[in-house]
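Hello,

Here is the structure I promised to pass on to you. Please have a look at it first, and then read my notes below.

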Amino acid sequence: MSGDGVDERTAGSSSSSDGNDYRSEYPPPRYPPVIHTTPPEKRDHTRNPLDRLTAGLPRPWRIAIDWIVTIAGAIAIVLAIKAWVVNPYRIPSSSMEPTLHCARPGQGCEARLSDRVLANRFIYHFRSPHRGEIVVFNTPPAAQQMCGASGTFVKRLIGLPGETVSERSGGIVYIDGKRLNEPYIKPDRRAHDATTGSWRVPKGEYFFMGDNRGESCDSRRWGSVPRKNLIGEVFATYWPPNRIALHLIAPGAGLLGLMLTVPFWRRRRSS
């Protein structure tokens, strides 16, 4: 009836509003949602310079050039390290026995294989040499005449600039009248040392001696070595494997040696 009756469409709308049914007002979204993406553009600037230079060449040529550049770069890095950072050296004579071994049948040599050592080539650009260090240096002209050898020597640094080095009977060394403690010298090496004398080390030069005093042609015969001749400090023996060792004496060397030794000790203990 038109008076008391209620329009069904109005009633339905009213019930939807009261029942919080929003389906008519907010239709459900499509599932799954469609995401429209744009394909990335090709960017030529991501290529390295070599790829840009060889972009027009056939693929085999590009591969060959890439290998050539890689090998040349590796060789350049190795040469730079040898020239300015670390360089290996072989011990050719018995002047540093038994600290550093040379190979038999060389005179006075005690090992089957010569020791190979590493020298730090940049350390003396930041600090002065320390007494007791094993140093690689270029031989001065007098050393070539007296010892009949040229190139590089490996000796122990004994006297610093301005000091007076003296050696008395029994192979005992004194620096400015005070006896030098040399735990690296074996008693039998002193017994074969008959050299005595006193030498003044000029300013800017260094006095070197071998650990095998009786068999060493060193500064006692040909004098001191200028600072410019010093190449670097020998800090390690790396070959043969059974004689791998550190030779550092500078402050902090003990801590460095401990850092290098502990991992091997732990590995050996766990195994």
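**The disulfides**

The torsion about the S-S bond of Cys102 and Cys109 is about -110°, so this disulfide is left-handed. Please keep in mind that the model is a predicted one. The S to S distance between Cys102 and Cys109 is 1.8 Å, and both cysteines are buried.

In total there are two disulfides. The other one joins Cys147 to Cys217, with 1.7 Å from S to S. The link of Cys147 and Cys217 is left-handed as well, with -80° about the S-S bond. This pair ties together distant parts of the chain, 70 residues apart: Cys147 is in helix H4 (residues 141–147), and Cys217 is in the loop between strand E9 (205–209) and helix H6 (219–222).

Counting the bonded cysteines along the chain, the disulfides follow the pattern 1-2, 3-4.

**Backbone details to check**

Most residues other than glycine have a negative phi, and most peptide bonds are trans. With that in mind, here are the places I would like you to see.

- The peptide bond from Glu97 to Pro98 is cis, with omega near -5°. Pro98 sits in the loop between strand E1 (86–90) and strand E2 (116–120).
- Trp239 and Pro240 are joined by a cis peptide bond too, with omega at about 0°. Pro240 belongs to the loop between strand E11 (230–239) and strand E12 (245–246).
- Asp176 has a positive phi, near 50°, although it is a residue other than glycine. Its place is the loop between strand E6 (172–175) and strand E7 (178–179). Asp176 is partly exposed, at 48% relative accessible area.

**The largest pocket**

What is the volume of the largest pocket? It comes to about 460 Å³. The lining of this pocket is made of 20 residues, and Pro92, Ser93, Ser95, Phe153 and Lys155 lie nearest its centre. Two elements give two or more residues to the lining: strand E1 and strand E4 (152–159). E4 contributes the largest share, four residues. By class, the lining holds ten nonpolar, seven polar and three charged residues.

The chain has 271 residues, and 31% of them count as buried. Its secondary structure consists of seven helices and twelve strands. Among the contacts with a separation of 6 or more, 60% are between residues 24 or more positions apart.

The mean pLDDT of the chain is 80, and 75% of the residues reach 70 or more. Which elements have the lowest and the highest mean pLDDT? Helix H7 (residues 253–270) has the lowest, at 44, whereas E9 has the highest, at 97. Two stretches belong in this account as well. Residues 5–17 have a pLDDT below 50, and beyond near neighbours in sequence this stretch makes two contacts in the model. Residues 251–269 also have a pLDDT below 50, with five contacts in the model beyond near neighbours in sequence.

That is what I have for you, and I am happy to talk it over.

Best wishes

Conventions: Residues are numbered from 1 along each chain as its sequence is written. This is a predicted model: local features need pLDDT of at least 70, side-chain atom pairs count only at pLDDT 80 or more; totals for chains, interfaces and linings use all residues. Side-chain values use heavy atoms; hydrogens and water are left out. A disulfide is a pair of cysteine sulfur atoms within 2.5 Å. Buried means under 20% relative accessible area, exposed over 50%, partly exposed in between (1.4 Å probe, protein chains only). On a 1 Å grid over the protein atoms alone, a cavity is a set of points where a 1.4 Å probe fits but cannot get out, and a pocket is an open set with protein on both sides within 12 Å along at least five of seven lines; lining residues have an atom within 4 Å of a point. Grid points are joined across faces, edges and corners, and a volume is the space filled by probe spheres set on the points. Ala, Val, Leu, Ile, Met, Phe, Trp, Tyr, Cys and Pro count as nonpolar, Asp, Glu, Lys and Arg as charged, and the others, Gly among them, as polar. pLDDT is the predictor's confidence in each residue, from 0 to 100. Contact means heavy atoms within 4.5 Å.
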